[in-house]
Every structure is written in structure tokens, then in C-alpha cells.
Amino acid sequence: MFPLIHEAIQYLTRKKVRLTFNDLSLAGPVSSTFGLDRGTPIDRYYIEQFLQKSSGMIHGRTLEIADSSYSRRFGKDQVKHFEVLHSTPGNKRATIVGDLTDNDTLPENAMDCFICTQTFNFIYEVQKAVHGAHYLLKPGGILLATVTGISQVSRYDMERWGDYWRFTTAFLTKLFEPVFTGGVEIESFGNALAACAFLQGVAVEDLPDRNLLDANDPDYQVVLTILARK
């Protein structure tokens, strides 16, 4: 029966219809791409809530990783200059080619806001990267960052530069507070349902009610957010 069940799951995935994911005979996930092929990944639900809540801080000269989509969506006309950081040449949207672990490649005291979503997980020298984020901000500048707690490996990142870390609030506190002395706020988001759904690649749209994701259990830290001031 396993092949037939597996084929049925694949069919439902392609059709993007609502499904359950409690069949204990299946070892594979509903989606191996975090639910991107089905709709909105669970982690994006929390990331975008955080950025919406913090949107008043996205202003002036704002930097983002890889592209400026969140800066434009949540900063809107508050942002005067949209900057994009990429670690290697070739990204046409990049205005800065630099490495967060190497201050010599970064502008100093340059940014009013730095949006850094789901990036620190993929940097081995993560302490250097935190210092790099601090280095490029103006005095009083704001870092809005998110990281993963509970997650599958990102195969895309693993094959390009590596997937190294899964974080907790305790570790992030020790990582950021000594560097960002202007103040650090760290929060976690998730619960058992959100963690299981995210690991299975179930999309937000698959859930009977997306408000189920809002119940917060600090023992199931799916996404963690960092608001840090230089």
C-alpha cells in the first residue's frame, strides 16, 4: 500500500488541496521545499508578522540580503535608499557585494535599518556575522533579524555555502547582547502543531485555521526574531 499512499500524497501536493499529515506509514514529507510548492511556508507567517509589527523602524537607508522585497513591502515610502547585500558577484539587484564576517567588505556606520531574515543559520562564523551587522549600522540603527529554531535542512543552502545552526532564545541572548549594547529584544514563535507542519512542509493555506499558529509555546521555537539597536 505504501506506493499508492505516496502517489496519493504527491497528487494532493500538486493539486494543493487541503490534506492531513498524520499517516504514520509515510516517512517522507508532504513537501521537501518547506511548503513553497503548496503556498506560504509556516516560517514566513511568523517572519512577516514580525516585520509588519516592526515596520515603523524600516526607514532611511535600509539594507536587505539578496533582494529588497521586504524593505519595499514593509518600509514603503519610509525608505529613502534600498540597499541589497550579496556575498558574491552576479546578483544584479545587489548594491553591495560583501561578507558579514569580513568588515573590510562592508560600509561602516552606513545603514539606518538592516533586515536580515533567515541568514545567520547559514553562516558558520556566526559571531563575526553579528559583529558585521553591528558594524554596518549607523549609531541608533536597527537590526531586524529572524532565524530558524526547528527546521529541516535547507538543501539549497547546504549545497552552496552550508547550513550550520539551529538557534534558541538562550543562545541568541548570549550572541547578540554583548554586541548590541543599545538594546536587544529576542522572541520565539511556534507551537507543536507549527513545528510538525513546518517539518512536513505543510503550507499555511493547508491548515483549517491559520490562527492555530498564533498559540505560542516557548518549548517549540520554530522562528526566532531579533530586534537589536546599535
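Reply: Helix α5 gives the most to the lining of the largest pocket, with 3 residues. Other elements that each supply at least two residues are the helices α2 (42–53) and α3 (69–75) and the strands β1, β2 (79–86) and β4. In this predicted model, the pocket has a volume of about 1,300 Å³. Its lining comprises 43 residues, and those nearest the centre are Q118, T119, F122, D157 and W161. By class, the lining divides into 17 nonpolar, 15 polar and 11 charged residues.

In α4 (residues 126–136), the buried residues are V126, A129, V130, G132, A133 and L136. Viewed down the helix axis, these buried residues fall within an arc of 160°, so they line one face of α4. The cover over them includes β1 (60–65) and β4 (111–117), together with β5 (137–148) and α6 (169–176).

The cysteines are a separate point. The count of disulfides is 0. A disulfide is a covalent bond between the sulfur atoms of two cysteines. For C113, the closest cysteine sulfur is that of C116, 11 Å away, which is too far for a bond. C116 is likewise in no disulfide, its nearest cysteine sulfur being that of C113. C113 is buried, with a relative accessible area of 0%, and C116 is buried with a relative accessible area of 0%.

Methods
Residues are numbered from 1 along each chain as its sequence is written. This is a predicted model: local features need pLDDT of at least 70, side-chain atom pairs count only at pLDDT 80 or more; totals for chains, interfaces and linings use all residues. Side-chain values use heavy atoms; hydrogens and water are left out. Buried means under 20% relative accessible area, exposed over 50%, partly exposed in between (1.4 Å probe, protein chains only). Helices (H or I, at least four residues) and strands (E, at least two) are DSSP runs, numbered from the N terminus. The arc is that of the directions from the helix axis to the C-beta atoms. Contact means heavy atoms within 4.5 Å. On a 1 Å grid over the protein atoms alone, a cavity is a set of points where a 1.4 Å probe fits but cannot get out, and a pocket is an open set with protein on both sides within 12 Å along at least five of seven lines; lining residues have an atom within 4 Å of a point. Grid points are joined across faces, edges and corners, and a volume is the space filled by probe spheres set on the points. Ala, Val, Leu, Ile, Met, Phe, Trp, Tyr, Cys and Pro count as nonpolar, Asp, Glu, Lys and Arg as charged, and the others, Gly among them, as polar. A disulfide is a pair of cysteine sulfur atoms within 2.5 Å.
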